[in-house]
Amino acid sequence: MRAVSTQPRNITLQRSQVAARDRAQLLGQRGAVIWLTGLSGSGKSTIGYALERRLSGSRHLTYVLDGDNVRHGLCSDLGFSHDDRTENIRRIGEVAALFADAGLIIITSFISPYRSDRDLARRRVPAGKFIEVFLDVSVEVCERRDPKGLYKKARAGEIPDFTGVSAPYEQPSGPELALDTDTLSLDACVETIVEYLEEHGFFDASDADGEAGAGAGADGDPTSGAGAGAAG
């Protein structure tokens, strides 16, 4: 297991001279983390990239961190054991928090099956700026879709620790949004998220007055909450 050191390392937290509200006024938006979570085949990547296109078309700075993509680089050394999934999400949570602090609307598309890991990612972001979006669709529907043929391989025993088949998925207890992708169209899912952002002032830079800056977690300290995150 990869442990995160809690021992003093003779390092000092450096504070930026640019506040989050200054970045918000520059970009005309408030930074946020939109955390898409759900089973493989629930539509995370499809919705994530459609949302990115929709927001970019409205002149909002946004970026997608996708589960498969980060495993080609940042997390290429990780497997799919419980501990590796936790470390995968810990890393993504930290990167997402930095993106949001820089003022971007960051979209993450990860299975992230463990509730404690998603909660840790939430704690790395100032209160109100972490938007958990649960793609609430059954494993039966996801298996019927099976766009990558992964469920078939998992049922055949070719993929161990596969979420929904041989590994658990812990549903969010209180997500900001829950979308049934079996009944809702792609456009409807995207518009629901956009409406949430609009209603909560993420497209209004004036709402950023008084926000903390520079990598702050929920308590304003980017070094707080050190620990392990979860999976993708």
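Helices (H or I, at least four residues) and strands (E, at least two) are taken from DSSP runs and numbered from the N terminus. The model is predicted. By that numbering, the protein has eight helices and five strands. Along the sequence they follow the pattern α-β-α-β-α-α-β-α-β-α-α-β-α. Of the 232 residues, 47% are buried. Among contacts with a separation of 6 or more, 79% join residues 24 or more positions apart.

**Nonpolar cores**

- In general, nonpolar side chains in soluble globular proteins tend to be buried together.
- The largest nonpolar core here has 21 residues. Ile34, Leu51, Ile131, Val133 and Ile193 touch the most other members.
- Helix α8 gives the most, with six residues.
- Ile193 touches Ile34, Leu36, Ile47, Leu51, Val133, Leu177 and Leu179. That list leaves out residues up to four places away in sequence.
- A second, separate core has 16 residues. Val70, Ile92, Ala96 and Ala97 are among them.

**Helix α2**

- The 14 residues of α2 should span 20 Å at 1.5 Å a residue. The end C-alpha atoms of α2 are 20 Å apart, which agrees.
- Its buried residues are Lys44, Ile47, Gly48, Leu51, Glu52 and Leu55.
- Seen down the axis of α2, these buried residues fall within an arc of 135°, so they line one face of the helix.
- An α-helix has 3.6 residues a turn, so residues three or four places apart point the same way.
- The buried residues of α2 pack against β1, β2 (62-66), β3, β4 and α8.
- Arg53 and Gly57 are exposed, on the face of α2 turned away from its buried side.

**Helix α4**

- Helix α4 covers residues 82-101, 20 residues in total.
- From first C-alpha to last, α4 reaches 29 Å. This is close to the 28 Å expected at 1.5 Å a residue.

**Aromatic pairs**

- A search of the whole structure finds five aromatic pairs.
- Phe134 and Tyr169 have ring centres 6.1 Å apart and planes at 15°, so this pair is stacked. The cut-off for stacked is planes under 30 degrees apart.
- Phe134 lies in strand β4 (residues 130-135), and Tyr169 lies in the loop between α7 (150-155) and β5 (177-179). The pair therefore ties together parts that are 35 residues apart in sequence.
- Both partners are buried: Phe134 has 6% relative accessibility, and Tyr169 has 17%.
- Tyr151 and Phe162 have ring centres 5.0 Å apart and planes at 80°, so this pair is edge-to-face. The cut-off for edge-to-face is over 60 degrees.
- Tyr151 lies in helix α7 and Phe162 in the loop between α7 and β5, so this pair ties together parts eleven residues apart in sequence.
- Tyr151 is buried at 1% relative accessibility. Phe162 is also buried, with a relative accessible area of 8%.
- Trp35, Phe110 and Phe130 form one aromatic cluster.

**Arginines over rings**

- Arg30 lies over the face of Phe202, at 4.5 Å from the ring centre.
- Arg71 lies over the face of Phe80, at 3.9 Å from the ring centre.

- Most residues other than glycine have a negative phi.
- Arg59 has a positive phi, near 65°, and is not a glycine. Arg59 follows α2 and sits in the loop between α2 and β2.
- Arg59 is exposed, with a relative accessible area of 76%.
- Asp146 also has a positive phi, about 35°, although it is not a glycine. Asp146 lies in the loop between α6 (139-145) and α7.
- Asp146 is buried, with a relative accessible area of 16%.

Note on methods
Residues are numbered from 1 along each chain as its sequence is written. This is a predicted model: local features need pLDDT of at least 70, side-chain atom pairs count only at pLDDT 80 or more; totals for chains, interfaces and linings use all residues. Side-chain values use heavy atoms; hydrogens and water are left out. Rings of Phe, Tyr and Trp (its six-membered ring) pair if their centres lie within 6.5 Å; planes under 30 degrees apart count as stacked, over 60 as edge-to-face and the rest as tilted. Buried means under 20% relative accessible area, exposed over 50%, partly exposed in between (1.4 Å probe, protein chains only). A charge sits over a ring if NZ of Lys or CZ of Arg is within 6 Å of the ring centre and within 35 degrees of the ring normal. The expected span of a helix is 1.5 Å times one less than its number of residues. A nonpolar core is a set of buried Ala, Val, Leu, Ile, Met, Phe, Trp, Tyr and Cys residues joined through side-chain atoms within 4.5 Å. Contact means heavy atoms within 4.5 Å. The arc is that of the directions from the helix axis to the C-beta atoms.
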